[in-house]
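Subject: Structure handover

Hello,

I am passing the structure on to you with this email. Please keep it open while you read the notes below it.

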Amino acid sequence: MAKKKFVVGCFDDEAVLFPAVKKVRTSGYKIHDVYTPFAVHGLDHALGLRETSLHTAGFIYGITGTTTALSCISWIFTLDWPLNIGGKPHFALPAWVPIIFELTVLFAAVGMVLTFCYLCQLAPFVKKHHFHPRATDDLFVMVIECTDKTNVEDLKAFLSSNGAVETDVQVAEEGWWLGRYDKDEMMFENKEIVAA
Amino acid sequence: MHLKYESQLREPLVYGDKNYHQVTEDIVRPIEAKPTKLWYIGFYISVALLLFGVYSVYREVTYGIGQWNLNKTIGWGWDITNFVWWVGIGHAGTLISAILLLFRQGWRTGVNRAAEAMTIFAVMCAGQFPIFHMGRVWMAFFVLPYPNTRGPLWVNFNSPLLWDVFAISTYFTVSLLFWYSGLIPDFATVRDRAFTKLRKRLYGIASFGWTGSTKHWQRHESLSLVLAGLSTPLVLSVHTIVSFDFATSVIPGWHTTIFPPYFVAGAIFSGFAMVQTLMVIVRKVFQMEDYVTIGHIEAMNKVIVLTGSIVGVAYLTELFMGWYSQNKYEGYTFWYSRAYLFSPYGWSYWGMMACNVLSPQIFWFRKMRRNLFVTFFMSIIVNIGMWFERFVIIVTSLYRDYLPSSWSVYYSPTIWEVGFYAGTFGLFFTCFFLFAKYFPVIAIAEIKYVLKTTGEGYKNKMGNIEEQKLEDFVHEQAHH
């Protein structure tokens with residue numbers, strides 16, 4: 001994937017971050033992402049992200065589990081190998097409720113977690129570019145993608161005036177690659193762009 | 001926008017004037033420090049117990065179930081008692097993380113990570129007992145329904161024992177996923193502060209390349225909420241199904257409809273007691289008194305006195321029904337085999353009553369709920385009591401059945417039965433010691449999320465908000 005140039009502004013308080021997000025967006029800049037140490041409620045709306053449909057996926061996985069359990073058990077107990085258990089009906093629905101329920105939950109949970117990992121591209125041995133190491137500690141890191149027309153210095157000054165405690169410019173790969181966190185593969189450069 | 005205001009009347013959940021960085025420092029400190037001598041001692045004792053358990057199981061597998069003192073009458077003894085006991089303990093974690101999340105109980109954030117870990121380890125221990133009780137453990141996979149060359153001969157889907165297979169394995173899987181998905185962001189925190197290459201590499205693998213992107217957090221929130229919603233009925237179903245192992249039989253003392261709610265209450269009761277045992281130690285050893293506060297301990301003690309009393313009501317209801325049903329077998333089991341102090345196992349019934357029903361009543365007193373020594377002592381007592389409960393249910397119902405010629409009074413475990421039980425303690429604590437050393441024992445991101453609402457430093461400033469005019473307050477909050 002191509003490398004892109006980003007302007008990074010770090011905020012140390014979410015109360016400062018929110019107005020800054022609003023201002024940056026209304027000024028016409030494209031926010032690539034905001035990296036936060038915890039789930040900041042309302043930030044997704046402030047960034048204009050749409051609601052996630054993960055829970056819908058969960059529902060679909062759940063009913064898949066229900067149908068799997070119901071169809072398998074009923075096929076086994078009525079067609080494949082009908083067992084005579086004390087002369088009771090072969091189609092013993094109440095007795096199957098526990099297993100049907102458990103499989104519903106199992107399918108929904110496993111499916112959702114796998115979907116979550118797929119959507120967020122999370123897996124062991126996956127490495128991504130981190131714009132700031134303190135983004136998982138105490139900094140809220142706003143990353144703005146630069147276009148040809150972006151004046152980097154102006155943007156940095158703009159971020160600082162809106163409360164950013166630290167700003168810099170990074171050229172980075174935005175996807176993920178297989179890698180180890182102890183080895184710097186340097187698929188990105190982290191240096192100041194000197195205005196010519 | 002989340003309202004950052006909470007009444008000052010509520011106790012802070014995080015003591016001290018902390019900021020986000022301080023939270024990271026405090027929780028990651030034990031991971032980055034060298035283990036103490038105490039840790040090594042505890043860890044080696046656990047490993048020794050585990051090895052003894054492995055040897056006990058080796059004897060059982062090699063020489064057969066005859067290594068245990070079970071007989072034809074008392075076919076379930078220590079093994080199934082221990083199974084139900086461990087499964088019960090494994091209920092608090094998911095209860096704390098799922099049900100209390102849905103009920104918006106802020107105090108869950110301090111204890112959920114450790115409680116979930118405890119759940120997973122307890123379920124691992126529980127699973128050993130039915131598996132090895134099968135005798136020919138190398139055929140344990142026969143309990144799974146898979147197309148086979150024996151017909152195919154399927155498992156019996158109408159049997160509560162098979163429901164157990166599904167319930168316990170689903171519970172274990174879902175708890176593990178719930179726990180690990182919460183751990184990913186915290187592993188990323190540890191990774192980004194790592195100071196050695198190995199540490200950076202291992203936590204890099206464990207954190208799945210987490211960056212903290214807003215979209216990822218949004219999905220993460222949705223995932224946690226739905227998993228909580230799924231786990232809530234799941235946790236209730238698991239012990240319900242365990243109780244079906246007994247309730248769907250025709251043995252007096254087991255054949256009762258009260259079992260599902262009674263077992264679930266008992267499970268929460270013993271689970272919280274085990275959380276208390278561990279948290280009282282963990283908060284002391286890792287100096288986490290600011291995060292697992294006395295308020296957390298008190299909240300859990302309230303749950304203990306509530307569920308203990310529910311269990312007490314269940315015991316009395318059983319006794320009442322033993323008389324009211326006028327069924328002589330029921331009456332004999334409840335009023336002679338159990339409640340009569342001088343019957344062969346009467347001591348276990350009264351031990352259970354004293355530990356589970358009478359002694360937790362001490363927690364009606366606020367002073368006692370907030371006393372660490374009393375809490376720790378009571379947590380042990382409750383777990384002894386809950387072990388007795390399962391022993392009472394299983395053995396007192398079995399030892400005198402419908403046919404007096406097959407009555408058996410003699411049941412005391414062999415050293416290998418006890419060794420197996422001790423071995424699961426070894427497994428549990430080995431896992432827990434490793435967890436406490438290498439994992440963030442408190443959910444870092446979740447603490448940060450509630451810090452500005454419930455942190456002491458922020459709470460003290462809320463007096464200003466309370467004096468504010470309503471219009472100003474609305475204006476300030478609506479600013480974003």
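Predicted model: local features only at pLDDT ≥ 70, side-chain atom pairs only at ≥ 80, totals over all residues.

Residues are numbered from 1 along each chain as its sequence is written, while chains are lettered from A and ligands numbered from 1 in the order in which they are written.

Strand 4 of chain A

Helices (H or I, at least four residues) and strands (E, at least two) are DSSP runs, numbered from the N terminus. Strand 4 of chain A spans residues 140-145, and five of its six residues are buried, so the strand is largely enclosed by the rest of the structure. A residue is buried if 20 or more other C-beta atoms, placed from the backbone, lie within 10 Å of its own. Strands pair if DSSP finds at least two bridges between them. Strand 1 (residues 3-11) of chain A pairs with strand 4 in the antiparallel sense over six bridges, and A:Phe6 has A:Glu145 as its bridge partner. Strand 2 (residues 30-35) of chain A is also antiparallel to strand 4, with five bridges; here A:Val34 stands opposite A:Met142.

A:Asp138

A:Asp138 lies in the loop between strand 3 (126-128) and strand 4 of chain A. A:Asp138 counts as buried because it has 21 C-beta neighbours inside 10 Å. A:Pro37 is 101 residues away from A:Asp138 in sequence, yet 6.1 Å away in space, C-alpha to C-alpha. Leaving aside residues up to four places away in sequence, A:Asp138 touches A:Asp12 and A:Pro37, and in chain B Asn19, Tyr20, His21 and Thr24. Contact requires C-beta atoms, placed from the backbone, within 7 Å.

Chain B against chain A

58 residues of chain B are in contact with 62 residues of chain A. Helix 8 (214-247) of chain B is among the helices that supply at least two residues each to this side of chain B, and it gives the most, with 16 residues.

Two helices of chain B

The axes of helix 3 (residues 78-89) and helix 5 (residues 108-133) of chain B come within 8 Å and cross at roughly 155 degrees. Axes are lines fitted to C-alpha atoms over the stretch in contact, and angles run from 0 to 180 degrees between N-to-C directions. That makes the two helices roughly antiparallel, the term for angles over 145 degrees.

Regards

Technical notes: Buried ≥ 20, exposed ≤ 12 C-beta atoms within 10 Å, placed from the backbone. Parallel < 35°, antiparallel > 145°, perpendicular 65-115°, else oblique. Contact = placed C-beta atoms within 7 Å.
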